[in-house]
Amino acid sequence: MTTVTFSTILSSSLLQWSTQSHLALHIPDGFLSLPVSLSCWVISIGLIALSLNRVQSDYQERAVPLMGVCAAFIFAAQMINFPIPGGTSGHLVGGTLAGALLGPWAGSLVVAVVFIVQAVLFQDGGITVLGANIFNMGLIGTFGGYYLYKAIRFALGRDTWRGMLAGTAVAAWVSVVVSAVVVAVQLALSGTVPLGVALAAMIFWHILIGIGEALITVVAVSFVWRTRPDLFFDPPRKVMTAAYRVR
Amino acid sequence: MSRNISRSRNRAFVIAGLGVALMVALLLSPLASSDPDGLNRVSEDLNFTDREVENPPAQQLPFANVFDGYALKGVPAGVATPLAGLVGTLVAFGLAWGFGKLVVRGSGSSDRD
């Protein structure tokens with residue numbers, strides 16, 4: 001009798017948990033050990049401090065409204081979970097998008113704002129693991145994703161849409177898969193789950209989720225490429241310099 | 001003259017960009033898949049969902065009285081998520097703008113309308 005009630009409660013609360021939660025790569029409080037979350041805080045705060053410095057020296061005031069727009073779009077897009085085969089879903093994380101648009105420095109500040117709003121206002125992603133979430137879903141994209149996109153784009157032709165397309169698509173996909181690997185490692189280091197199974201499961205799903213990340217990133221980037229290519233941190237040379245970048 | 005043109009073009013871009021974000025939050029959020037996503041699914045398959053703490057710090061914040069996840073409390077279920085999305089998008093927009101304004105050197109002194 002009691003077992004029946006207990007299991008009913010358990011299954012209904014699990015059902016509620018799985019339908020309400022919007023995790024994607026958002027780690028909740030409790031999944032990471034204290035040393036792992038603290039290390040992530042240190043890394044994230046260090047990179048954000050570096051970004052603050054570079055934004056101060058490298059950007060002009062015209063970048064400010066764009067930072068607002070970029071944060072608004074990434075926040076909104078993160079709410080839209082797209083289904084992937086196998087009864088799972090994913091959503092944009094946006095690090096590579098922010099990096100390609102605004103450069104790694106302003107891009108990093110933008111993604112940090114998004115994850116702070118999600119954790120503080122909407123209980124999405126734990127507050128004690130916010131440093132990890134900012135690093136995993138934001139900074140891996142704004143730094144790693146940005147430099148990979150730039151290398152590919154500049155190799156294929158800085159001024160060509162082909163270079164832009166390949167650079168942003170590949171970097172967006174790779175950054176999501178790398179993030180999944182990093183999350184698996186953090187979970188394993190925390191003693192939450194063994195590394196092997198965590199890696200296999202995380203990579204399996206995020207190979208698919210990364211395709212969605214690449215598609216949305218390409219759509220957003222193509223809109224800016226057609227309307228205001230001067231707003232890229234690395235604009236095509238025919239429009240000379242970025243509208244907001246200090247030379 | 002050309003500065004005025006570029007300023008109004010910038011403003012048009014910001015309005016269009018924010019408009020797209022608000023449309024996404026308001027109109028697409030009800031269509032979002034409710035399937036468990038990446039890490040969520042993995043934590044179910046590998047049986048570590050119970051590691052999540054029961055009363056996370058965010059639940060102790062006053063905002064938890066206003067929002068239950070991405071759902072505004074006290075309004076019909078059909079509009080709870082779009083309204084939460086609307087608020088969140090505007091807060092993200094305003095915070096990133098304000099943060100940028102604080103950080104970017106010379107903000108407020110040059111380039112005024």
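**Exercise 1.** Determine how much area chain B and chain A bury between them, and which residues of chain B lose the most area to chain A.

*Solution.* Buried area, the accessible area (1.4 Å probe) that two parts lose on being put together, summed over both, comes to about 6,200 Å² for chain B and chain A, with 69% of it on carbon and sulfur atoms. On the side of chain B, the most area is lost by Phe13(B), Leu39(B) and Tyr70(B), together 14% of what that side buries. The model is predicted, so local features need pLDDT of at least 70 and side-chain atom pairs pLDDT 80 or more, whereas totals for chains, interfaces and linings use all residues. Residues are numbered from 1 along each chain as its sequence is written, chains are lettered from A in the order in which they are written, and side-chain values use heavy atoms, without hydrogens and water.

**Exercise 2.** Find which residues form the salt bridge across the interface of chain B and chain A.

*Solution.* The rule (a side-chain nitrogen of Lys or Arg within 4 Å of a carboxyl oxygen of Asp or Glu) finds one salt bridge across this interface. Its partners are Glu61(A) and Lys101(B), whose closest N and O atoms are 2.8 Å apart.
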